[in-house]
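Hi everyone, thanks for coming.

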Amino acid sequence: MTLRNRWRKTLSYFMLSLTGVCAVVAVSLLFLILGILVYNGWRSVDWNFFTKLPKPPGEPGGGMANAIVGSLEIILLATIMGLPVGFMAGVYLSEFGGKTFAFLIRYMADLLNGVPSIVIGIFVWTVVVRRFHFSAYAGGIALALILIPITARSTEQFMTMVPQTLREGALALGASKWRAIATVVVPAAYRGIATGMILGVARISGETAPLLFTSLNNQFWGGGLSDQTASLPMMVYTHATAPYDDWHRQAWAAGLVLLFGVLLANIAARLILSRGIAVQK
Amino acid sequence: MSPNEYMTMGTANLPSASSAAGKPVGQQGKLKAVNLNFYYGAYQALHNISLDVPANRITALIGPSGCGKSTFLRTLNRISETIRNTRVEGEILLDDENVMNVDVTLLRRRVGMVFQKSNPFPKSIFDNVAYGLKVNGFRGRLAEAVEKSLKRAALWEEVKDKLHKSAYALSGGQQQRLCIARALAVDPEVLLLDEPCSALDPIATAKIEDLLFTLKDQCTIVIVTHNMQQAARVADRTGFFLLGKLIEYNTTEIIFKTPTRQETEDYITGRFG
Amino acid sequence: MSAPPPTGARALILRLRSGDEVARLITLTFASTILLVTAGLVYELWSTSSLSRHKFGLGFLTSSSWDPVTGQFGALPFIYGTVVTSAIALIIAVPVGLGAAIFLAELAPARLSSAFTFFIELLAAVPSVIYGVLAMFTLVPLMRDYVDPFLKKTLGFLPIFSGTIFGYGYLTAGAILAIMTLPFIISISREALLEVPVEQREAALALGATRWESTWQAVVPWARLGIFGSVFLALARALGETMAVTMVIGNDPAIHASLFSPGYAIAAILANEFTEATGDIYLQSLICLGLVLFLLTIVINALARLLIIATTRRGSAHP
């Protein structure tokens with residue numbers, strides 16, 4: 001073997017091993033992140049965490065009950081507002097859309113998907129908060145605006161995957177178009193659609209930036225949905241950036257709980273999808 | 001029969017397909033095409049088709065790939081409308097009534113279709129057969145109607161113990177018979193079959209051909225097939241399509257033994273297609 | 001002969017009665033909200049930054065003063081910070097991401113590849129604020145005590161690696177951004193590489209190329225449009241990433257050459273100062289910054305999508 005060939009072979013072996021290293025590094029990042037969070041946070045995730053309100057720095061026994069409830073409230077608002085709209089838009093794009101209008105909507109949905117969430121927050125601030133005040137509703141609206149284009153595109157994606165012959169089979173039996181869609185096409189695509197929805201909700205539940213100017217945060221229970229409301233992501237942010245060690249501890253705990261919830265939803269969604277899409281090819 | 005009348009009927013009163021609701025047995029003109037032209041956008045796929053389908057007979061449409069026979073079949077129950085940018089010129093008459101004047105969902109209850117590749121819904125066997133009944137507002141006893149359809153499709157014995165299993169658990173041939181049962185459930189007067197056996201093995205094919213014989217007493221059947229032997233076996237009348245035109249249409253015996261057109265003879269003897 | 005088919009009003013009523021037209025209108029209405037929101041977004045950003053736009057004009061983009069007291073606002077330090085941190089992120093993430101993608105698409109057996117991809121996609125689901133916490137308490141000490149001094153010692157003659165080390169700054173922000181954008185580069189590049197027909201690699205191997213040469217010189221170039229697309233997509237995400245950057249960039253509204261020094265990014269100053277802004281010109285300048293960010297991300301995203309669409313459409317036709 002010539003020297004040049006030996007060099008080429010060595011280089012090949014080296015570069016390919018390097019790619020393996022890159023892959024291992026990438027995957028281990030996930031476990032590293034989980035590990036660091038668990039290490040720093042698990043001691044603070046106790047009964048108090050889930051049931052008590054935050055205490056001033058230095059006082060032990062505080063928790064983030066208001067943030068957990070607040071997050072759930074805001075996410076629920078966003079889900080109620082965003083999922084049906086996104087779903088219907090996706091149905092339109094896949095089943096009814098003409099050429100130009102559907103193209104326009106698709107383009108705008110992709111555009112919205114790419115807008116930084118903080119800009120969405122500013123938008124909701126100018127439209128809602130300026131006229132009313134900081135509230136859970138505003139936070140919910142901001143998150144809904146993020147959820148709608150995601151849901152629309154993923155619903156469309158899974159509905160178009162349903163073979164045309166299934167639609168024709170329903171129509172040939174005398175079903176009207178909307179009936180065929182509701183009783184055959186949507187059930188055929190429901191796994192993918194559900195997955196897309198779960199992933200979307202998981203995504204918005206971790207978002208902080210849109211809440212910065214809409215629902216703000218709250219150290220107490222607050223006055224209901226039309227008042228500024230605590231949320232887990234905001235708590236993580238405010239507690240991590242504060243100068244108290246005690247609050248840093250709480251930030252780790254909140255971060256751990258938040259990450260746990262988000263990852264759980266993601267894993268569940270992906271497992272649902274991998275069980276198979278309910279249509280035989 | 002109006003949609004309202006149908007919806008208030010009980011099991012006993014589903015009309016039998018032919019004699020009550022249309023032409024007497026064997027009479028010409030159950031389903032007629034008159035100067036039918038069909039366009040995909042600017043492309044003309046069917047040229048001036050005029051065809052008379054007799055009641056309670058099996059009519060086969062043959063021809064090489066792309067000759068327009070499937071396209072023609074799909075205009076008969078207006079399922080061609082699901083594709084954008086298509087245009088129909090001329091008339092299609094069901095019992096002398098223009099199908100464009102009839103509500104399309106009602107038309108499709110009277111003219112059923114079975115597709116080339118079986119397309120059962122992702123539901124149970126029972127729900128598949130019941131689907132057309134539910135959608136058309138059937139008020140009678142569903143289980144009886146489903147059993148009756150599955151018997152007509154010669155599938156009942158094989159599935160009676162697993163009606164609530166998924167339709168996808170069946171074999172290819174069984175799935176196609178399920179689709180036939182599903183189409184029969186709404187008691188159509190006409191049944192259109194688009195190459196129903198092309199994806200099936202010879203045994204399954206034979207079962208379905210036998211089925212068609214038993215069905216033609218209750219139903220008018222139009223079958224598209226690229227298998228000439230199949231047409232020769234089952235059909236009373238045969239139409240030969242080529243390049244979007246109906247070249248010749250006559251009794252099966254004449255088409256296969258003494259065709260009058262050269263193109264027909266070339267196709268029959270295997271010179272092309 | 002029979003009656004002609006109904007036209008015009010009668011046809012419309014027939015369609016309405018069947019419920020299909022109603023369904024179409026309902027879903028159309030919901031779909032239009034997407035248009036409305038987008039239009040509203042652009043309108044609001046544009047109109048509520050009008051004061052600032054009229055006062056500063058295009059000079060807003062080139063001025064580097066940010067002084068709420070005197071009412072002078074310029075976007076340059078923030079654009080600079082956003083660009084620099086994103087560039088750092090890409091410089092780190094693209095090689096690592098491409099390497100990992102190559103491994104997953106070309107070398108790893110299918111099950112290992114799926115498992116790894118599963119975990120990497122989970123990485124993309126980690127919220128930004130969690131990355132921020134990790135960056136603040138884990139990455140900053142790491143950079144400050146090990147990485148930065150090392151860089152300063154070895155490459156300190158370069159202006160970008162000179163200056164005081166704080167831990168918070170462009171480099172740290174870029175590093176956490178790199179970790180955040182890595183999963184996108186990997187998953188999209190991997191899909192682009194999987195699309196390459198196996199004949200390409202085989203042709204190179206048959207000519208005597210080593211495994212690496214066939215991968216690098218035949219497979220990767222074929223997928224380059226999709227890979228570039230993934231880079232642009234990652235860039236778009238990096239530009240808009242808010243929380244993690246805000247927590248470690250140091251919040252200094254000035255331009256610095258050294259990567260060790262604190263700086264600022266558009267998303268970061270919005271996060272920090274938006275609710276504190278007093279006075280119209282201050283607030284509107286911030287919103288103007290938001291508008292700049294919005295336009296930047298739209299352009300980059302559009303480019304990214306064009307590239308990714310070009311890959312899937314070109315298929316085998318290859319320039």
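Let's start with a question: in which kind of crossing, left-handed or right-handed, does α4(A) pass α6(A)? The crossing is left-handed, a term used when the near helix is turned anticlockwise from the far one by less than a right angle, with clockwise counted as right-handed. The residues that make this contact are Ala109(A), Leu112(A) and Asn113(A) from α4(A), and Pro149(A), Ile150(A), Ala152(A) and Arg153(A) from α6(A). Being in contact is defined by two C-beta atoms, placed from the backbone, lying within 7 Å. Sorted by class, that gives five nonpolar, one polar and one charged residues. Here Ala, Val, Leu, Ile, Met, Phe, Trp, Tyr, Cys and Pro count as nonpolar, Asp, Glu, Lys and Arg as charged, and the others, Gly among them, as polar.

A word on where this comes from. It is a predicted model, in which local features need pLDDT of at least 70 and side-chain atom pairs count only at pLDDT 80 or more, while totals for chains, interfaces and linings use all residues. Residues are numbered from 1 along each chain as its sequence is written, and chains are lettered from A and ligands numbered from 1 in the order in which they are written.

Back to our pair. Helix α4 of chain A covers residues 100-114 and helix α6 of chain A covers residues 136-160; they pack at about 130°, with axes 8 Å apart. The axes are lines fitted to C-alpha atoms, for helices over the stretch in contact, and angles run from 0 to 180 degrees between N-to-C directions. The two helices are therefore oblique to each other: under 35 degrees would be roughly parallel, over 145 roughly antiparallel, 65 to 115 roughly perpendicular, and the rest is oblique. Helices (H or I, at least four residues) and strands (E, at least two) are DSSP runs, numbered from the N terminus.

Now, α4(A) also packs against α2(C), at an angle of about 55° and with the axes 9 Å apart. That angle makes α4(A) oblique to α2(C). The crossing of α4(A) past α2(C) is left-handed. On the α4(A) side we find Leu104(A), Ile105(A), Met108(A), Ala109(A), Leu111(A) and Leu112(A), and they meet Ala31(C), Ile34(C), Leu35(C), Val37(C) and Thr38(C) of α2(C). This contact has ten nonpolar residues, one polar and no charged.

What about α2(C) itself? Its 28 residues, 20-47, should span 40 Å at 1.5 Å a residue, and its end C-alpha atoms are 40 Å apart, which agrees. The expected span is 1.5 Å times one less than the number of residues. Among its buried residues are Ala31(C), Ile34(C), Val37(C) and Thr38(C); buried takes 20 or more other C-beta atoms within 10 Å of the residue's own, exposed 12 or fewer, and partly exposed lies in between, with C-beta atoms placed from the backbone.

Zooming out, 69 residues of chain C are in contact with 71 residues of chain A. On the chain C side, α2(C) gives the largest share, 17 residues. That side has 45 nonpolar, 18 polar and six charged residues.

Chain A also touches chain B, with 17 residues from chain A and 22 residues from chain B. On the chain A side, α7(A) gives the most, six residues.

Last, chain B: it has eleven helices and ten strands, and 48% of its 273 residues count as buried.
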